[in-house]
Amino acid sequence: MADILDVQFVPLSAAPAGAVLLLAGQELALGSAARGIDERTKGALTKAARAADFTAKAKTSIEVLAPAGIDTPRLILLGMGRAAKELDRLKLGGFAFAQLGARKGETGTIVADPADPGEVGAEAFAADLALGALLRSYAFKKYRTKKTEEGAEEEAPPQGLRTLTIQCAKPDAAAKAFGARKALAEGVFLARDLVNEPANMLGPVEFAERLRDLSRTGLEVEVLDEERMRALNMGALLAVGQGSERPSRMVVMQWHGAKSKRAKTLCFVGKGVTFDTGGISMKPAAGMEDMKGDMGGAACVAGLMLALASRKAAVNAVGLVGLTENMPSGKATRPGDIVTSMSGQTVEVLNTDAEGRLVLADVLWYAQQQFKPRFIVDLATLTGAIMVALGKEYAGLFANDDKLAAELSAAGEATGEKVWRMPLAKAYDKLIDSKNADMKNIGGRHGGAITAAQFLQRFVKDTAWAHIDVAGTAMDSARTDINQSWGSGWGVRLLDRLVADNYEKAER
Ligand code: BES
Ligand code: MN
Ligand code: ZN
């Protein structure tokens, strides 16, 4: 996570650093600081607005270069729209960052003094803008050694902002409010980094080592190797990895933050297939490179656990990830092979490319045995079929518990990481019955995301459970005001919100 944007909060009276961005509300409503700057510059802002017919519609802006009366190369006046909700403020911060970043200079200032901050105080308004800007600033450039485009004659393109100064009414309170948000952003960045990392650099062992490092945050991290997993009879997970030269791992990350001793554990489970070739049922070549992101569920769980620990969330939570590489080889699982899962149930592997469910089957079972959790939420880049159903806007939600499903849907609306509930039913479950074993790992041509979820449900016993199919959202989802990266870190903010809104206060 190199070059993370440095965010500073300063009083409205501070001298500006770099270009200055001001916010204009509906019908050009300016806050008092912006009005003050307008006066100091002899009405440069309002005159420019009139000249440009600028009415401060959301995401429109005007610019005044080298204004007299203030020490800045440029003033940018940005229409903020209604910005009524938290997500609006994050997006506004992201957009403002992009506006400043598109100009030259390594530093810039946002004057966070809107005429109408909406439902929150000045400090939360400023802190939300800062989070949006921070999320937008992420770029994965680790492996780019040249600063300019190949063969380009011109000087290096702008490297973007390194420092963002936010002027606001209560800078100390804003900086404090930003603390938890920054912890969240670090979780999102960890998830994005892991998803973006190529599979030659990040296999199961390397992934596990990255997670072991998180123990510095107060997380208790345990790495289970193949020997341990064999002793636990995790025959489904191990069958996926057996074609690879690289051994599988399972990692358990525990966070003990609840005040009450009786607080039940919240479990989060992630699919961590560090590369999915499909195995013997191999995928076609086109687009296979994307399967480096088949650990997006595990990355999200890791990012969430980092965020919970860094902001010292008042819950007991455990993140469990099954890490393995799905490769074809002389040792690989064949179509038709029958494997025994940790639960004792047998699975006929009819397609080695339906491997994620095999990984999750054992991790889900282990999570229940070990932690008797209050609920389990699993995340997995599980099926192409979920993208056929929902595209890349919504992730697919499957749940055996209406309350948990409703909480996740609400958290999705609040964070913009939206989920759409899909059905589970006996008739779908029957589609994975097998003549030769307890079940098969594929369910025929139709409803592929649902039969995958039905498969997982066979490994859930008397536990509230939700499964989120993130195949369309964890990677290469639509770029937004707060994410420009291929690996989106999708789900970290969703689950952090689920925890914060529903499980922290109650457990205190
Ligand atoms: N990892 C894939 C699903 C996937 C596809 C994720 C595209 C992200 C983008 C998963 O392991 C898989 O291969 N699923 C198969 C299941 C099928 C064989 C029943 C699929 O969706 O085609
Ligand atoms: Mn697959
Ligand atoms: Zn997969």
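Predicted model: local features only at pLDDT ≥ 70, side-chain atom pairs only at ≥ 80, totals over all residues.
The zinc ion (ligand 3) is coordinated by the NZ atom of Lys 271, by OD atoms of Asp 276 and Asp 294, and by OE of Glu 355, at 2.0 to 2.4 Å. Six donor atoms surround the zinc ion (ligand 3), and because the angles they subtend run from 78 to 174°, the arrangement is octahedral. Along the chain, the donors of the zinc ion (ligand 3) are spaced according to the pattern K-x4-D-x17-D-x60-E. A further metal, the manganese ion (ligand 2), lies 3.1 Å from the zinc ion (ligand 3), and the two ions are both coordinated by Asp 276.

Most residues other than glycine have a negative phi. Lys 42, although not a glycine, has a positive phi of about 55°; this residue is placed in the loop that lies between helix 1 (32-40) and helix 2 (44-51). With a relative accessible area of 69%, Lys 42 is exposed.

A positive phi, near 50°, is also found at Asp 476, which is likewise a residue other than glycine. Asp 476 is situated in the loop between strand 17 (465-469) and helix 15 (492-502), and its relative accessible area of 32% makes Asp 476 partly exposed.

Definitions and conventions. Residues numbered from 1 in each chain as written. Chains lettered and ligands numbered in written order. Heavy atoms only, no water. Donors = N, O, S within 2.8 Å, 3.2 Å for Na, K, Ca; no water. Tetrahedral: all angles 85-135°; square planar, octahedral: opposite > 155°, others 65-115°. Helix = DSSP H or I, 4+ residues; strand = E, 2+ residues; numbered from the N terminus. Buried < 20%, exposed > 50% of the residue type's maximum accessible area, 1.4 Å probe, protein only.
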